[in-house]
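Work through the exercises below with the structure in view. Each task is followed by its solution.

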Amino acid sequence: MEFGIVELSRLQFAMTAMYHFLFVPLTLGLSILVAIMETVYVMTNRPIWRQMTKFWGMLFGINFALGVATGITMEFQFGMNWSYYSHYVGDIFGAPLAIEGLMAFFLEATFVGLFFFGWDKLSKVQHLVVAWLVAIGSNFSALWILIANGWMQNPVGAEFNPMTMRMEMTDFFAVLFNEVAQAKFVHTVSAGYVTASVFVIGVSAWYLLRGRHAELARRSITVASAFGLASAFSVVLLGDESGYDTSLNQKMKMAAIEAMWETEPAPAPFTAFGFPDQAARETHYAIHVPYVMGLIGTRSLTTQIPGISDLVAQAETRIRSGLIAYDALMTVRAERDATPPEVMQTFEDHSADLGFAFLLKKYIDDPRQASDAQIQAAAADTVPTVWPLFWAFRIMVVLGFGFIGTMAYFFWRASFRQMQYPRWALHVAVWMIPAPWIAAEMGWFVAEFGRQPWTVDGVLPTAMSVSALSMTEVALTLAGFVLFYTVLFIIEMGLMLKYIRKGPFQDVAETEAWVARHHNRLAGRRNADAIAQPAE
Amino acid sequence: MILHELISYDLLRVIWWGLLGVLLIGFALTDGFDMGVGALLPFTAQTDVERRIVINTVGPVWEGNQVWFILGGGAIFAAWPPLYAVSFSGFYLAMFAVLACFIVRPVAFKYRSKRDGYSWRNRWDWALFVSGAAPALLFGVAVGNVIQGVPFHFTDDLHTIYEGAWYAKFIGLLDPFSLLAGVVSLSMLVMHGGAWLTVKTTGEVQKRARAYGSIAALVAVATYALAGIWLAYGISGYRIVGEVVADGPSNPLYFQVERTASWLSAYADRPWIAIAPVLGILGGLLTFAGLRAGREITTLLFSKLAILGVISSVGLTMFPFIMPSSSDPRSSLTVWNSSSSHLTLFIMLVVTVIFMPLILAYTAWVYRVLWGKVTAKDVTENSHSVY
């Protein structure tokens, strides 16, 4: 593969997006966990819960700053690096981004300041409401961004307008209630909840291993394991739902993930392990599990899942149909309102395949002049590179089931074993901390790399979407982003570790006043000190 | 959906042109003082406590204010996709510089006071200064370029092509008129930051804020007037030739455009728009007087009026042009040829009408909760909860 402006722009987008998503999942989950902790504080009035809220809130704040900072890049780089994409689908894709700003960003950003600065200026209940608004705002932003992304995977509710040379919205509610978007939303926020739960359990486990802040750590594990267990189930179930949607709408992505070269008799087997070989279109050392693939992908015993070879043949047919649309489009563009109705009719009959004709633009300026060899090459281009998808998907799935196991174990110990945890489990929890990030990045990789060679599936090829920039410009900004983000990441990790090591800030006066007030009631309890005493 | 036919396409376009202005002005009125405060940080505050006072005047609100910038990006994407595509790819490296500032600034706010030590904090103070001053300057430079026209054209399938090599594209932005526009923007936002600090601080810091703010107000008025004179005599404008189809498809290639002697002919056609530049100059002078006289809230209001006047004067003068092309006037983006579809504009209007009042209401509530001066006592006693 030659390395040009398209590849460089893709690299920059992948880098900035994946970097952004290092911070997003923790924001999504921790905002809710902190709000839950504060809710317990407001209901029970126990200072330990306020301490927990403030401590995890502090870590949330450090993470949130970078999430906001790196998110700014995302909002603008469609225009900067993908200007033809922005022109071509902005009529649909821009709307959820703008609504995200109106509905979500303002909410979270306006109240996050008050969350940190408002402890003495608000009543307890007011502050609790503020904490929940931050959490709701964060999660709403995920909703809208996934509606936008869902449309790239499954472009519903829109059609091509030859007068404006772009896709235009025909049905807003179809875009909104796109089944792909909805499944992706729940899958993604659940992944965020799992991330935050693993993080909270991991940090708490580290405290317990060190014998520090045991009160804060035990309570935190209890909250996080309950929340995390539900979320881990949700992430796997909705991942399955996403897989089902994919097999309906993005058959090529599905076939690539499964390295399914040929159409198998239904129900198809699942390839659990193997080494995909793209050139030979076969998977070496494959281990098959019978029936499973057919069941996951079609939820039936009789529906076939098409293999890669058949899908390439279909793509070739669609390219040829797209060429008819392209030819008609040239007439429409020249004649405008004077276009003969039969040409208009031809265009409308074939316009759904117009994007496939654009695949030829990579080879030739006027796709109508393409040779058969070029058409076949363009059809073969519709297959994404299989092995990275195959592996990234399997790593994600294994980790997903790992989270269910870990969360279930900690939930069980928290609920039925007096919040006592063996040292080995605590060590596992600490080492687990990076795992959800790996799973989340793998998930995005599968979703986006699996959609190649398209930016909008079946509508607009990636190669056509880029801005007319020079390699130097993109190389400069890419270098700038890498440098910048690396420095910020080092600083962020440094601060995170510093504040974790330092532990919670403890409001001594408040804690003592509370203990004094409840002295009598506490004295009657066997493990009185375990309920409210400060950690150190 | 037929509901969107309730509002005609051309009216929706004008409404969204107005909303584009509202967004830019909202951004300048709110995040503008954050940038101004950043730019004033080294001048108004010497000791660490003073710096923390200055930083904490915007500490709880900058994050919400910055959303105006992000929403600006999103709304341009949704309502004016060609503008989004052409401007951000065209001003590529300048845009990167702005993004870099907006990436560093949140981090600087959050992290500066999380460690002790002079060099750590001093470095972040520099970051706050640059990330406040540089975008304030660059936004003005961008407007200066847009007023003169930008060298781009569309191909038949509406790919945007920029004329010139990449370095020429970047250096070319910094022509004298655009730099002057940059100084207008920077001094205006520094004035606004000074007015904000006057409201939120006391004592020495307030005194310095008033001194520097009033200088900035004078510079803003002088450079704005100078730019107006330059516009009258030295810069040509644009106009649409032939029939103007205001509700046609959004295709920039469907119009004919020619250069005119000056943008200011708009004032002959629509004399009422003169209210905008008058407001800009009057607001600037009143801000100067208010800062000198030691008025607080009124000065901030005057400063807002000045910003409202200056920004709206640019839009009203150029209407219906949004981003003219200097190398191929036919490719110019106008209100009539670069919007989203009728349906999208309608849906976005409905969403905006629902959420904008909500946003304004809760933002006002947050400002009310946080009302009052930031003092040395506040920042020293709450050092674990403020910046």
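The exercises go from a whole chain to one residue and then to an interface.

This is a predicted model, in which local features need pLDDT of at least 70, side-chain atom pairs count only at pLDDT 80 or more, and totals for chains, interfaces and linings use all residues. Residues are numbered from 1 along each chain as its sequence is written, while chains are lettered from A and ligands numbered from 1 in the order in which they are written.

**Exercise 1.** State how many residues of chain A are buried, as a percentage.

Solution. A residue is buried if 20 or more other C-beta atoms lie within 10 Å of its own, exposed if 12 or fewer, and partly exposed in between, with C-beta atoms placed from the backbone. Of the 536 residues in chain A, 53% are buried.

**Exercise 2.** Classify Thr331(A) as buried, partly exposed or exposed, and find its contacts.

Solution. Step one: 17 other C-beta atoms lie within 10 Å of Thr331(A), so this residue is partly exposed. Step two: two residues are in contact if their C-beta atoms, placed from the backbone, lie within 7 Å. Apart from neighbours within four places in sequence, Thr331(A) is in contact with Thr339(A) and Val343(A). Step three: from Leu497(A), Thr331(A) is 166 residues away in sequence and 63 Å away in space, C-alpha to C-alpha.

**Exercise 3.** Describe the side of chain B that touches chain A.

Solution. First, 63 residues of chain B are in contact with 64 residues of chain A. Next, by class, this side of chain B has 41 nonpolar (Ala, Val, Leu, Ile, Met, Phe, Trp, Tyr, Cys and Pro), five charged (Asp, Glu, Lys and Arg) and 17 polar residues (the others, Gly among them).
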